[in-house]
Amino acid sequence: MIRRAYAAYGALAESISEPVVDAEPFLAGFRTTEEAQELIDELESLRKEGIEVEYERLTGEDARRLEPALSSRVRAAVRLDGQRFIHPGRYLDALARSVRDRGGDIREGTAAREVVDENAQATVVLENGERLTADAVVIATGADLSRLAKRFGVRTFVQAGRGYSFSIPIKRLPAGPVYFPVQRVACTPLGDRLRVAGMMEFRRPEEPLDPRRIDAIIRAVAPLLEGADFADRRDEWVGSRPCTADGLPLIGRTASPRVFVAGGHCMWGIFLGPVTGKLVTEAVTTGNIPAELRPFDPLR
């Protein structure tokens, strides 16, 4: 999946105007060289699996020369090459426009109440009572996936692993994403502000935002950034990552030949979204499950 992920984004670029931005540089910052070693070990394990990974160890001084937004508390870093990032909101808006331009119909402001397989067709019943019938249905409803998919033999439960984010101004906006693995906080330049995101909270998706989580992120990352104004926070948000107990997504055909699922990606949804769509399309249109999807069998 990883090997095919960038190519899937490239295929979307033919019809989507919003760019995928090269992350130059992409830095992971640490307080000590010992902390950095854990990431180095993970990268080396990927290399052993045949995944191409290019990285460079840096001192704190080297990292600050590349990215002045890092504070003096960052005493070690790893530079990762070949990374990319997107502006999520603008990218999905562009994707929606592309779907509509090519004749697709997107229903907003409503939800699916149930999916029914009857009379050799699949039917989606919306909350407003409308019924949409098709040859095939793909359930891709994030943390709410289990509610609709369990009647089709999908026993692996998907739950919400909620992540928090907000945006702040910073004296010198980083040129690319900055990640603090020990603190589990990622900072991404979006427009003229820095988006700060982190946390993994297991609560129901509909629960309100907990300000204590925002405070915890600030306490963790504020000492590592220079010139960041955490008092001028905007866009405070909590979103539900769809998580499975075994950490693997659910992608493929269910017990019904007309109902498929695509979800449970946890924190890999943005990266693996396009390649997931491409492989599910192949499964729906040909009836054959691609080899890449076998570990993610929804009926496992």
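Predicted model: local features only at pLDDT ≥ 70, side-chain atom pairs only at ≥ 80, totals over all residues.
Let me start at Asn-119, which lies in the loop between strand 6 (112-118) and strand 7 (121-126), where helices (H or I, at least four residues) and strands (E, at least two) are DSSP runs numbered from the N terminus. Residues are numbered from 1 along each chain as its sequence is written, and side-chain values use heavy atoms, with hydrogens and water left out.

Asn-119 has a positive phi of about 55° although it is not a glycine, and it counts as exposed because its relative accessible area is 72%; here buried means under 20% relative accessible area, exposed over 50%, and partly exposed in between, with a 1.4 Å probe and protein chains only. Met-199, in strand 13 (residues 193-202), is another residue other than glycine with a positive phi, in this case near 85°, and at 23% relative accessibility Met-199 counts as partly exposed. While we are on the backbone, the peptide bond from Glu-24 to Pro-25 is cis, with omega near 0°, and Pro-25 is found in the loop between strand 1 (21-22) and strand 2 (26-30).

Now to helix 7. This helix covers residues 269-286, 18 residues in total, and reaches 24 Å from its first C-alpha to its last, close to the 26 Å expected at 1.5 Å a residue, the expected span being 1.5 Å times one less than the number of residues. Where does helix 7 bend? The bend, of about 30°, is at Val-275, and by bend I mean the angle between axes fitted to the seven residues ending at a residue and the seven starting there. The buried residues of helix 7 are Leu-272, Pro-274, Val-275, Thr-276, Leu-279, Val-280 and Ala-283, and they pack against helix 1 (2-12), strand 9 (137-139), strand 15 (250-253) and strand 16 (259-263), with contact meaning heavy atoms within 4.5 Å. After helix 7 comes Gly-287, whose phi is positive, near 85°.

Leaving out residues up to four places away in sequence, Gly-263 touches Leu-145, Pro-249 and Leu-250, and its C-alpha is separated by 8.3 Å from that of Val-158, 105 residues apart along the chain.

Between strand 16 and helix 7 there is a loop, and Trp-268 has its place there; at 46% relative accessibility, Trp-268 counts as partly exposed.

Cys-187, in strand 12 (residues 185-190), is buried, with a relative accessible area of 1%, and, not counting residues up to four places away in sequence, its contacts include Gly-176, Phe-180, Leu-194 and Val-221. How far apart in space are Cys-187 and Glu-118? They are 47 Å apart, C-alpha to C-alpha, and 69 residues apart in sequence. Glu-35, in helix 2 (residues 33-48), counts as buried because its relative accessibility is 18%, and, leaving aside neighbours within four places in sequence, Glu-35 is in contact with Phe-30 and Val-182.
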